[in-house]
Every structure is written in structure tokens, then in C-alpha cells.
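Here is a short report on one chain. It moves from the whole fold to single residues.

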Amino acid sequence: GGIVISGYRTPAYSTSLCQSMCGAPSCPGTCAGAASNHSGKVYPAGAVDVDVQHSAEFEAIQFRIGSPLRNALSFDPNHFSVSGR
């Protein structure tokens with residue numbers, strides 16, 4: 001089970017999300033704006049968000065299959081990328 005709720009975002013859209021969250025192009029510690037891994041198309045950039053109800057299961061599966069996707073953001077448990085950020 002589980003649902004991907006976000007994947008690729010244009011840099012402009014990523015910036016607009018931060019503008020909505022904190023009134024700035026990026027919000028240190030919570031929103032990376034145009035620098036978000038979600039705005040990357042070339043490995044190792046790129047990110048995926050899964051529904052939070054299945055994030056622990058998704059993380060366990062990634063580990064089990066040897067995927068480089070991981071989460072290093074305690075405040076954003078459903079976010080996965082190679083850097084974890």
C-alpha cells in the first residue's frame with residue numbers, strides 16, 4: 001500500500017511552496033525552495049514524498065531492496081531522496 005503524493009516539482013513551484021509556508025523563497029530547516037531535491041532531474045538529485053501512513057513501510061522497503069532513497073528529516077517523515085534531505 002501507499003501513495004506517492006509528490007515527486008518532481010519545477011524550481012518555480014518549489015519556491016512558491018516556500019512563499020506560502022514562510023513568506024520567503026526558502027525557509028531554512030523546512031523548505032529548500034528552488035534548491036529542493038524535488039526540483040532535480042539528474043541523479044543524485046530527485047525526491048519523492050509518500051503518504052505519511054506508509055512512510056515507515058516505504059523506508060523499510062527501500063532499505064531491504066538496497067535503494068539509495070532515505071529520509072534524514074525528522075520534521076518531514078514522508079520525504080525520501082538520495083541525500084535524505
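Helices (H or I, at least four residues) and strands (E, at least two) are DSSP runs, numbered from the N terminus. By that rule, Arg-9 sits in the loop between S1 and helix H1 (11-22). The model is predicted: local features need pLDDT of at least 70, side-chain atom pairs count only at pLDDT 80 or more, and totals for chains, interfaces and linings use all residues. Residues are numbered from 1 along each chain as its sequence is written, and side-chain values use heavy atoms, with hydrogens and water left out.

## Overall fold

The protein chain holds two helices and three strands. Along the sequence they follow the pattern β-α-β-α-β. The radius of gyration is 13 Å, close to the 12 Å that the globule rule gives for 85 residues, so the chain is as compact as a globular protein of that length. That radius is taken over C-alpha atoms, and the globule rule is 2.2 Å times the number of residues to the power 0.38. The C-alpha trace spans about 40 × 25 × 20 Å along its principal axes.

Of the 85 residues, 35% count as buried. Buried means under 20% relative accessible area, exposed means over 50%, and partly exposed lies in between (1.4 Å probe, protein chains only). A contact means heavy atoms within 4.5 Å. Among contacts with a separation of 6 or more, 47% come from residues 24 or more positions apart.

## The sheet

Strands of a sheet pair through backbone hydrogen bonds, either parallel or antiparallel. Here three strands form an open sheet in the order S1-S2-S3, with antiparallel pairing. Strand S1 (4-6) and strand S3 (79-81) are the edge strands, and each pairs on one side only. The twist averages 40° from one strand to the next.

Two strands count as paired if DSSP finds at least two bridges between them. S1 and strand S2 (residues 47-50) have two bridges. Val-4 has Val-50 of S2 as its bridge partner. Three bridges join S2 to S3, and Val-48 is partnered with Phe-80 of S3.

Which residues cover the two faces of S2? Ala-47 and Asp-49 are buried on one side, and Val-48 and Val-50 are buried on the other.

## The helices

H1 has twelve residues and reaches 17 Å from its first C-alpha to its last, close to the 16 Å expected at 1.5 Å a residue. That expected span is 1.5 Å times one less than the number of residues.

| Helix | Buried residues | Exposed residues |
|---|---|---|
| H1 | Ser-14, Thr-15, Cys-18 | Ala-12, Ser-20 |
| H2 | Ser-55, Phe-58, Gln-62 | Ala-56, Phe-63, Arg-64 |

The buried residues of H1 are Ser-14, Thr-15 and Cys-18. They cover an arc of only 100° around the axis, which puts them on the same side of H1. The arc is that of the directions from the helix axis to the C-beta atoms.

In helix H2 (residues 55-64), Ser-55, Phe-58 and Gln-62 are buried. Seen down the axis of H2, they fall within an arc of 60°, so they line one face of the helix. An α-helix has 3.6 residues a turn, so residues three or four places apart point the same way. The cover over the buried residues of H2 includes S2 and S3.

## Loops and backbone

Is Arg-9 buried or exposed? Arg-9 counts as buried because its relative accessibility is 16%. Leaving out residues up to four places away in sequence, Arg-9 touches Ser-14, Leu-17, Ser-36, His-38, Ser-39 and Asp-49.

Thr-30 lies in the loop between H1 and S2. Thr-30 is partly exposed, at 46% relative accessible area. Beyond its neighbours within four places, Thr-30 contacts Met-21 and Phe-75. Thr-30 and Val-42 are twelve residues apart in sequence and 23 Å apart in space, C-alpha to C-alpha.

Most residues other than glycine have a negative phi, and most peptide bonds are trans. The peptide bond from Tyr-43 to Pro-44 is cis, with omega near 15°. Pro-44 is found in the loop between H1 and S2.

Methods
Axes are lines fitted to C-alpha atoms, for helices over the stretch in contact, and angles run from 0 to 180 degrees between N-to-C directions.
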